[in-house]
Every structure is written in C-alpha cells, then in structure tokens.
Amino acid sequence: MAAWEGRECPLCGAGPVQDAACGRCGSLEGLEDEASALQCRRPGRLFAFDWGAGSLSPFLATPGAALERLLAFLEERELGASALVGDLGSGDGAVLVAAAQRLGCRCWGVELDRGLVAAADARAAEAGVAARVRFECEDLTATSNAQWQRCAVLVLHL
C-alpha cells in the first residue's frame, strides 16, 4: 500500500494519499496497483470517480430535445393513468413533471440532492401535477428494489 503514499488517489484523482487513505474516497487498502484500483467495486463505490457527496454523477438539466425524445418514447408505451414512471437521479424533476402533464401517469423520482428535490417539488406544484408526482431524497443505491419493480418504465440518465 505504500505505493500510493504521497501520490494522487487512483480512484478519484484527489491527493496526496496519506496513511493508505484518500481524503475523499477513504481506504485504499488492498489496492496494490493502478489496474486493481480501477477495477475496485467495493459497496458504495460503483464507479472509479466520486463526483462528491456520494452522487453517481453531476446534475445536468435534461436538454429539451432529449426530453422530447423521452416523452415520445413514453407515449409509444401507451401508459395509462395508473402506470408508474420512475426516475433514478430525478434532478430538478423536469422529466417526471413533463411525463405527468403529457401522459397523465403517476411518477416517482429519487434524488440525492435535497435542493434538487425541493426544486422538483416546486416544479410539480407549479405545473399542477403534485398529486401525481412524488420525489424522495435518498441514495438510489440504497433504494428498495420493491419500489423499482412497481414502475412500468424506469428512467436512469447518468
């Protein structure tokens, strides 16, 4: 493990590593070389890069053209009012609010960032679909599979 001492972390690039630990990622114990570090799949570390605060990717607003393509895809599925559309990493709620407006379906979103959940709730209320759209602030890697299984369509855009 001394091989990492004083160097950048092979998982996230932070540095320097001290006492076999990265200040951002935590312990690097057992990772003997860069190849093994990049293959690391420890619980809670699904990818080689940590975007901060436990998130799997940074928030980027869904571009209008991508939103329209997604809504067209959902329309082709002919989802009824009782169908549940899920969005893992729902961000500001734009996808689910648009789906609820256009399709009349129920929607469930999971987002780690509390500020984005608040923005999503406000967006749903402003659009008049708050009764059909629910956003939860939690880590999607800890979300119950039972929730995912209820969804007719599950959106994941990382």
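**Notes on a predicted model**

1. Strand 3 is mostly covered, with 5 of its 5 residues buried. Leu-84, Gly-86 and Leu-88 point one way from the strand, while Val-85 and Asp-87 point the other way. The residues on both sides are buried. Please keep in mind that the model is predicted.

2. What is the order of the strands in the sheet? The sheet is open, has 4 strands and runs in the order 5-4-3-6, with parallel pairing. Its edge strands are strand 5 (133-137) and strand 6 (153-156), each of which pairs on one side only. From one strand to the next, the twist averages 15 degrees.

3. Helix 3 (residues 94-103) touches strand 3, strand 4 (106-111) and strand 5, and its direction makes about 175 degrees with that of strand 4. Helix 4 (residues 114-127) touches strand 4 and strand 5. The direction of helix 4 makes about 170 degrees with that of strand 5.

4. Helix 3 also meets helix 2 (residues 64-76): the two axes come within 10 Å and cross at roughly 45 degrees. Helix 2 is therefore oblique to helix 3. The crossing of the two helices is right-handed. On the helix 2 side, the contact is made by Leu-67, Glu-68, Leu-70, Leu-71, Leu-74 and Glu-75. On the helix 3 side, the contact is made by Ala-94, Val-95, Ala-98, Ala-99, Arg-102 and Leu-103.

5. Thr-62 lies in the loop between helix 1 (34-38) and helix 2. Thr-62 is partly exposed, with a relative accessible area of 27%. Leaving aside neighbours within four places in sequence, Thr-62 is in contact with Leu-67 and Val-95. Thr-62 and Val-95 are 33 residues apart in sequence, but their C-alpha atoms are 7.6 Å apart in space. Leu-67 and Val-95 also take part in the contact of helix 2 with helix 3.

6. Is Glu-78 buried or exposed? Glu-78 is exposed, with a relative accessible area of 71%. It is found in the loop between helix 2 and strand 3. Its backbone deserves a look: Glu-78 has a positive phi of about 50 degrees although it is not a glycine. Most residues other than glycine have a negative phi.

7. How many disulfides are there? The count comes to 0. A disulfide is a covalent bond between the sulfur atoms of two cysteines, and the cut-off used here is a pair of sulfurs within 2.5 Å. The sulfur of Cys-107 has its closest cysteine sulfur in Cys-105, at 3.8 Å, which is too far for a bond. For Cys-151 the closest cysteine sulfur is that of Cys-107, at 9.3 Å, so this pair is too far for a bond as well.

Methods. Residues are numbered from 1 along each chain as its sequence is written. This is a predicted model: local features need pLDDT of at least 70, side-chain atom pairs count only at pLDDT 80 or more; totals for chains, interfaces and linings use all residues. Side-chain values use heavy atoms; hydrogens and water are left out. Two strands pair if DSSP finds at least two bridges between them. Axes are lines fitted to C-alpha atoms, for helices over the stretch in contact, and angles run from 0 to 180 degrees between N-to-C directions. Contact means heavy atoms within 4.5 Å. Angles under 35 degrees count as roughly parallel, over 145 as roughly antiparallel, 65 to 115 as roughly perpendicular and the rest as oblique. A crossing is left-handed if the near helix is turned anticlockwise from the far one by less than a right angle, and right-handed if clockwise. Buried means under 20% relative accessible area, exposed over 50%, partly exposed in between (1.4 Å probe, protein chains only).
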